[in-house]
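My entries follow the order in which I looked.

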Amino acid sequence: MSKHYLLYGSERYALAILRPLQDAIHARGDEAAWFFDGPGGEDLVQGERWLRTTEEVRAFNPRAVLTPSNAVPHFFPGVKAEIFHGFDAGKPRHIYIRGFFDLYCTTGPNDTRAFGEMADKLGHFSVAQTGWPKLDPFADMFQPEHPAPARTPPVILYHSTFSPSWSAADTLYEEVKRLSRDGRWRWIVTFHPKMNAETVARFKALQNEHLTFAENDNILELFPQVDMMCSDTSSALNEFLLTGKPVVTFNNRRPGPQLIDIHDAADFEPAIKRALSRPPELMKAIRDYGEGIHPYHDGRSSERVLDAVEAFIANGARNRKRKPANFWRKLKIRRRIGYWGPVR
């Protein structure tokens, strides 16, 4: 008899993260279905099952709910496992431990260590290091020992997060405008989906023969097309570092030797030149950093997630302590989804 797994999303980015898991589930002869508490369901394609109500979810009776969201409906059946929606962008992940999950599937040693310490302290969840499913289809791209040589002319990916206090898009606008007009480098610009509309419009207006504005749902699709990234404190820069190629950041919240971090727009052009020269000490720091956040290059993280879930279930599907009551957060989820029935 086939096993049932629910893929739960609250934003469209869940599609890129969870579809590799769907593929791994189907490869095992099991069944996957989706539930969206927000946008995303309309983007499912033929062959992808969309459950639209809590009653349908309960009838599907999943053995596990897999999600990149920070919370999950507690009244859905099955083990609740968080997969994460990105790498640590500059703040401790443990602030997201809100008592909804039985299992955290961490991406690499850094998160495993931090979550393991919290699991020992709190006792109401388990931790398994699995890698990140979103990267599975792009495994060939993440070979940091052998990054592709820079093109002629080099191509730069400019990406910014949406948070006004973290984003450098407006600060660096004039520099991107100036540098994208002389033809030395080509530019691809893309932003977080929640970026301010006026900022998006300004950068779209810069498009010319040397600058393209991309609106790909999955930023990973752009990585093979570029030789470096410029950003600020976006979690996407950590994904890019796994390719072994350099990143220039502006006022990054957690800078380190793996980044070329600047604090003045006047330093933007020199920093790009340094990144494109690929100094050995920078390239080594990038590789070392990547091993800490995601050491897997085999494209099998989805399989490891499923194995971790099944091992947790085989061991009784229980943790040392009960999850906290979370009354107010659970009430908000019930109200948002409109379900007031029992928990199973």
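Entry 1, the model. I note that this is a predicted model.

I looked up helix α1, residues 14-27, against helix α9, residues 301-314. Their axes are 9 Å apart, and the packing angle is about 65°. I count angles of 65 to 115 degrees as roughly perpendicular, and α1 and α9 are therefore roughly perpendicular to each other. I recorded the crossing of α1 past α9 as right-handed. On the α1 side, the contact is made by Pro20, Leu21, Ala24 and Ile25. On the α9 side, Ser302, Glu303, Val305 and Leu306 make the contact. Sorted by class, I find six nonpolar residues, one polar and one charged in the contact of α1 with α9.

I traced an open sheet of six strands, in the order β9-β8-β7-β10-β11-β12, and its pairing is parallel. At the edges I find β9 (211-213) and β12 (260-262), each of which pairs on one side only. With direction ignored, neighbouring strands of this sheet are turned by 20° against each other on average.

I looked up strand β8, residues 186-191, and found three bridges joining β8 to β9, the two running parallel. Trp187 stands opposite Leu211 in β9.

I found helix α4, residues 169-179, lying across β7 (155-160), β8, β9 and β11 (247-250). I recorded α4 as running at about 160° to β7.

Note on methods
Residues numbered from 1 in each chain as written. Predicted model: local features only at pLDDT ≥ 70, side-chain atom pairs only at ≥ 80, totals over all residues. Heavy atoms only, no water. Axes fitted to C-alpha atoms, helices over the stretch in contact; angles between N-to-C directions. Helix = DSSP H or I, 4+ residues; strand = E, 2+ residues; numbered from the N terminus. Parallel < 35°, antiparallel > 145°, perpendicular 65-115°, else oblique. Left-handed = near helix turned anticlockwise from the far one by under 90°. Contact = heavy atoms within 4.5 Å. Nonpolar A, V, L, I, M, F, W, Y, C, P; charged D, E, K, R; others polar. Pairing = 2+ DSSP bridges.
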